[in-house]
Amino acid sequence: MGIWLISPRKLFADNWKDEFWMFLGGMTGGSFYFFTENTALEITLATNVSFIVCTAPLLTTILSLWVYKKEKATRGLMAGSLLALVVYNGSFVLKISPLGDFLTLLAAFSWAFYSLIMRKMSNRYGITFITRKIFFYGVLTILPAFLVHPWQFDITRLLEPAILFNLLFLGVLASLICFVVWNVVLKQLGTIRASNYIYLNPLFTLIGSAFLLGERLTMVALMGAALILGGVYWAGKK
């Protein structure tokens, strides 16, 4: 609720078209993306989801070049993006699961569209206002999901320290702060360059799992991490 108190005077966009774009942003980046991805995790392998979701930067690049004529994709950017993506393809053994994989692909497309919408709106409105609208419409459009997955969680368990801490972490850091930072990055770097940094997510996951979960770092994992860093650097180099 805190984000609603930051800018209480401005509740709506300047016109109905912008408000509609905000609605689409909340749906594509706030509800549809998470619903399709999490549903896919119940159907297909996590490795499938990890790989297919990592096509989001490439999909964003293609859509951005199609929509925004001013954005250009250099050879280095495309080659770096493809290099980072190929690392995942060589690291995972995928097993086809048509429905789950299709839902994951929808999630990747959803995030690509969300990035384009945020790029469009960031030139007209402040980051705080945009994020507030995204969260509102994200919550609003996820409500029909309860028809498919009815609420079965005991609300009293929210007082348990572990659950409360996890919710605060996911709600404040992983959602609110990350969405604000991502919208700022989109405005500063553009959709193509910003999206390529998504490839770094599994790299940080690899490091975090080693320090927090005690998982062993293999030579293959380290080589893959080096290639990912090289691909992202190549893609972002001017």
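These legends describe close-up views of a predicted model.

**View 1. Helix 4 crosses helix 6.** Helix 4 spans residues 56-67 and helix 6 spans residues 98-121. Their axes come within 9 Å and cross at roughly 45°. The two helices are therefore oblique to each other. The crossing is right-handed.

**View 2. Residues at the contact of helix 4 with helix 6.** Helix 4 contributes A56, L59, T60, L63, S64 and V67. Helix 6 meets them with L105, A108, F109, W111, A112, F113, S115 and L116. By type, the residues of this contact are 11 nonpolar and 3 polar, with no charged residue.

**View 3. The largest nonpolar core.** This core holds 30 residues. M22, W111, Y114, M118, Y125, I130 and W182 touch the most other members. Elements giving two or more residues are helix 2 (16-41), helix 3 (46-53), helix 4, helix 6, helix 7 (127-142) and helix 8 (161-189). Helix 6 gives the most, with 10 residues.

**View 4. Surroundings of M118.** M118 is among the core residues that touch the most other members. Residues up to four places away in sequence are not counted here. Beyond them, M118 touches G25, I130, I134, N183 and L186. I130 is also among the core residues that touch the most other members.

**View 5. V185 in helix 8.** V185 counts as partly exposed because its relative accessibility is 25%. Leaving aside neighbours within four places in sequence, V185 is in contact with G190 and A194. V185 and R119 are 66 residues apart in sequence. In space, their C-alpha atoms are 9.6 Å apart.

Technical notes
Residues are numbered from 1 along each chain as its sequence is written. This is a predicted model: local features need pLDDT of at least 70, side-chain atom pairs count only at pLDDT 80 or more; totals for chains, interfaces and linings use all residues. Side-chain values use heavy atoms; hydrogens and water are left out. Axes are lines fitted to C-alpha atoms, for helices over the stretch in contact, and angles run from 0 to 180 degrees between N-to-C directions. Helices (H or I, at least four residues) and strands (E, at least two) are DSSP runs, numbered from the N terminus. Angles under 35 degrees count as roughly parallel, over 145 as roughly antiparallel, 65 to 115 as roughly perpendicular and the rest as oblique. A crossing is left-handed if the near helix is turned anticlockwise from the far one by less than a right angle, and right-handed if clockwise. Contact means heavy atoms within 4.5 Å. Ala, Val, Leu, Ile, Met, Phe, Trp, Tyr, Cys and Pro count as nonpolar, Asp, Glu, Lys and Arg as charged, and the others, Gly among them, as polar. A nonpolar core is a set of buried Ala, Val, Leu, Ile, Met, Phe, Trp, Tyr and Cys residues joined through side-chain atoms within 4.5 Å. Buried means under 20% relative accessible area, exposed over 50%, partly exposed in between (1.4 Å probe, protein chains only).
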